[in-house]
Amino acid sequence: MTPATLLATGFGADLAAEQKSAEVTDWAARVGWLVGLALFVALVYWLMREGWKWRGTLQGDLPELPSAPDDPGPAKLSMSGRYHGSTTAGQWLDRIVAHGLGTRSRVELTLTDAGLDVVRPGAADFFVPTGQLREARLDKGIAGKVLTEGGLLVVTWAHGDRLIDSGFRSDHAAEHNEWVDVINSMINKTETEGAR
């Protein structure tokens with residue numbers, strides 16, 4: 001049958017009646033969903049922020065971070081890279097956020113006979129005296145950052161009554177091995193001199 005024949009027989013009239021225009025979008029429902037989603041995201045963000053502040057409150061007993069001496073001496077090593085955070089030593093997921101230690105940032109590290117100077121643009125700088133250094137090692141992760149095996153320089157140091165692991169990644173990862181060797185030899189030398 002041709003379309004003209006279908007129309008003449010009335011069959012086409014039934015088809016035309018069944019066809020109707022597309023439904024109009026219900027904008028009120030869409031706006032409601034978007035507002036609900038935005039409120040949910042805001043709630044999750046607020047809860048994360050409160051958790052961060054609560055963790056800082058729990059770590060409120062951590063003493064103030066030492067600052068670098070006026071004359072730390074000549075640099076043994078220096079490095080530019082990223083600071084990935086600090087955790088309780090041996091517990092790579094227990095991030096320390098007090099005194100800005102949880103803030104990731106660029107970093108300029110300088111190792112001298114006096115200790116390790118950590119300069120962080122946009123975040124609090126700190127200094128680790130040589131006597132507080134405990135170990136340096138290569139690792140693959142620290143709270144919130146996982147890299148390839150040996151891609152992270154982790155320095156363990158004492159602060160107050162806590163041992164802290166701080167994670168650094170050099171812009172030139174080949175430097176990490178030298179840092180581990182020099183820091184560990186400084187620690188061994190300090191321990192040997194202290195034993196005398």
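Guide: Let us begin with exposure: a residue is buried under 20% relative accessible area, exposed over 50%, and partly exposed in between (1.4 Å probe, protein chains only). By that scale Asp139, at 21% relative accessibility, counts as partly exposed. The model before you is predicted, so local features need pLDDT of at least 70 and side-chain atom pairs pLDDT 80 or more, whereas totals for chains, interfaces and linings use all residues. Residues are numbered from 1 along each chain as its sequence is written, and side-chain values use heavy atoms, with hydrogens and water left out.

Visitor: With which residue does Asp139 form a salt bridge?

Guide: A salt bridge is a side-chain nitrogen of Lys or Arg within 4 Å of a carboxyl oxygen of Asp or Glu, and by this rule the structure has five. Asp139 pairs with Arg137, their closest N and O atoms being 3.4 Å apart, and Arg137 also meets Glu135 at 3.7 Å, N to O. Arg137 is partly exposed, with a relative accessible area of 22%, and Glu135 is partly exposed too, at 33%. Together with Asp165, the residues Glu135, Arg137 and Asp139 are linked in a network of salt bridges.

Visitor: Which residue forms a salt bridge with Asp171, and where do the two lie?

Guide: The partner of Asp171 is Arg106, with the closest N and O atoms 2.9 Å apart. This pair links distant parts of the chain, 65 residues apart, since Asp171 is in the loop between strand 10 and helix 4 while Arg106 is in strand 3. Helices (H or I, at least four residues) and strands (E, at least two) are DSSP runs, numbered from the N terminus. Asp171 is partly exposed at 42% relative accessibility, and Arg106 is partly exposed at 34%.

Visitor: How many residues does the largest nonpolar core have?

Guide: A nonpolar core is a set of buried Ala, Val, Leu, Ile, Met, Phe, Trp, Tyr and Cys residues joined through side-chain atoms within 4.5 Å. Here the largest has 27 residues, and those with the most contacts inside it are Phe168 and Trp179. Among the elements that give two or more residues to this core are strand 1 (75–88), strand 5 (126–129), strand 9 (152–159) and helix 4 (176–195). Helix 4 provides the largest share, five residues. Contact means heavy atoms within 4.5 Å; leaving aside neighbours within four places in sequence, the contacts of Phe168 include Met79, Tyr83, Leu109, Val118, Leu153 and His176.

Visitor: How is a pair of aromatic rings described, and how many such pairs are found here?

Guide: Such a pair is described by the distance of the centres and the angle of the planes. Rings of Phe, Tyr and Trp (its six-membered ring) pair if their centres lie within 6.5 Å, and planes under 30 degrees apart count as stacked, over 60 as edge-to-face and the rest as tilted. A search of the whole structure finds three aromatic pairs. Tyr83 and Phe126 have ring centres 6.2 Å apart and planes at 70°, so this pair is edge-to-face. Because Tyr83 lies in strand 1 and Phe126 in strand 5, the pair ties together parts 43 residues apart in sequence. Phe126 and Trp157 have centres 5.5 Å apart and planes at 20°, so they are stacked. With Phe126 in strand 5 and Trp157 in strand 9, this pair ties together parts 31 residues apart in sequence. Both Phe126 and Trp157 are buried. Tyr83, Phe126, Trp157 and Phe168 form one aromatic cluster.
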